[in-house]
Amino acid sequence: MTTLAFLGLGAMGDPMAAHLASHARAHGHRVLVWNRTAAKAEAHARAHGTQAATLEEVAAADVIFTCLPTSAEVDEVMSRMRPHLRPGATWVDCTSGHPEAATRQAAELASNGVTFLDAPVSGGTVGAQQGRLTVMVGGDAAALEAAQPHLAFAGKVVHVGGTGAGFAVKAVNNALLGVTLWATGEGLAVLGRAGVDLGAALDVINASSGRSNASENLIPQRVLTREFPATFALGLLAKDAGIATDLTQRVQGSAPVLAQVAALLRAAQHVVGPAEDHTAALKLIEAMNAQEIR
Ligand code: NDP
């Protein structure tokens, strides 16, 4: 019997682990779950037929999934689990992590005979609930091929390169989300000050070349409604854009727009609050313009 383990039952991990449980039921595997706040793991076990387990127990699984805020929290659990890991296992880290951490973590795990795949996901909490996440994977292709049947939460899986490449692609993708979200917010604040109806403006933009996921979905559903539902924390988006900036430095690239958006998102995080939804970053633009985007 193959043992799968999932650590980190947050907004993303909880529904991802639920898909793992359905997959395991169909194939005769078992799923262990671990969460820092243990009550969430026990609730997951009751709801989905998984087993709440200790860190020592999850460490002995054949395939270990993590979905934690940053690579720092992955480091924390990894150091506690390393003495108990099983040689031949694969560690699939679905955290939006740091490429340099991936290189170090892969080397550390290799000394335990464990293969590390950086496998961050895209698609939001709705994609996680629907089991339609896009997974971008860095690391050994053969290890991915072996683990891929267990990526039960995925709609699309792309092997993007060696260790760290998955985290790099995720960071740039989210920096691009930051760019379109921020720039569309600026444009709408200016239009609002000009007295234009913002619903009508978005109607035009979404049938024109300025459209994006921000203009088509995020801003109409979350900002204009003033709901800002907290499904993806602003602090996490700021972290991702910061990773894109670190990557730019490491490769000695030049990406001033990405760097500026990373700085603006960091400012918004400090002013608006890291736990607010990422779309609440636009509240800083509203303050800068004395203009609500509604
Ligand atoms: P959440 O804040 O909802 O969940 C975080 C999880 O990490 C919880 O299980 C939390 O445990 C656990 N955790 C926090 N700190 C520690 C720690 N020190 N040690 C052990 N466990 C810890 O985050 P998300 O699920 O939203 O995000 C997880 C990852 O997925 C992030 O890297 C994020 O950038 C990425 N992501 C998020 C998306 C989204 O739409 N939300 C979309 C795509 C990627 P506890 O329950 O005890 O707090």
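**Entry 1**

T37 places a polar side-chain atom 2.5 Å from a ligand oxygen atom. For E76, I found a polar side-chain atom 3.3 Å from a nitrogen atom of the ligand. The protein buries 86% of the 910 Å² that the ligand exposes when taken alone (areas by the Shrake-Rupley method with a 1.4 Å probe; for residues, only the protein chains shown count as cover). I listed 25 residues around the ligand, the closest being N35, T37, K40, P69 and T231 (a residue is near a molecule or strand if one of its heavy atoms lies within 4 Å of it).

I note that this is a predicted model, in which local features need pLDDT of at least 70 and side-chain atom pairs count only at pLDDT 80 or more, whereas totals for chains, interfaces and linings use all residues. Residues are numbered from 1 along each chain as its sequence is written, and side-chain values use heavy atoms, with hydrogens and water left out.

**Entry 2: D277**

I located D277 in the loop between helix 12 (256–272) and helix 13 (282–289); helices (H or I, at least four residues) and strands (E, at least two) are DSSP runs, numbered from the N terminus. Is D277 buried or exposed? D277 counts as buried because its relative accessibility is 0% (buried is under 20% relative accessible area, exposed over 50%, partly exposed in between, with a 1.4 Å probe and protein chains only). Its side chain makes a polar contact of 3.0 Å with the side chain of R222. A polar atom of the D277 side chain also lies 3.2 Å from the backbone nitrogen of T231. Beyond neighbours within four places in sequence, D277 is in contact with residues including R222, F228, T231 and L234 (contact means heavy atoms within 4.5 Å).

**Entry 3: D197**

I placed D197 in the loop between helix 8 (165–193) and helix 9 (198–205). The D197 side chain reaches the backbone nitrogen of A200 at 2.7 Å, and one of its polar atoms is 3.2 Å from the backbone nitrogen of G199. The C-alpha atoms of D197 and I293 are separated by 9.9 Å, although the two residues are 96 apart along the chain.

**Entry 4: strands around strand 5**

I checked strand 5 (residues 90–93) and found both faces covered: T90 and V92 on one side, and W91 and D93 on the other, are all buried. Strand 4 (residues 63–66) runs parallel to strand 5 and is joined to it by four bridges (strands pair if DSSP finds at least two bridges between them). The bridge partner of T66 in strand 5 is D93. From strand 4 the chain passes through helix 4 (residues 71–81) to strand 5 in a right-handed β-α-β crossover; right-handed means that, with the strands pointing away from the viewer, the path from the first strand over the helix to the second runs clockwise. Strand 5 also pairs in the parallel sense with strand 6 (residues 115–118) over four bridges, and W91 stands opposite F116 there.

Conventions:
Polar contact = N/O pair within 3.5 Å; in protein donor to acceptor, adjacent residues only side chain to side chain.
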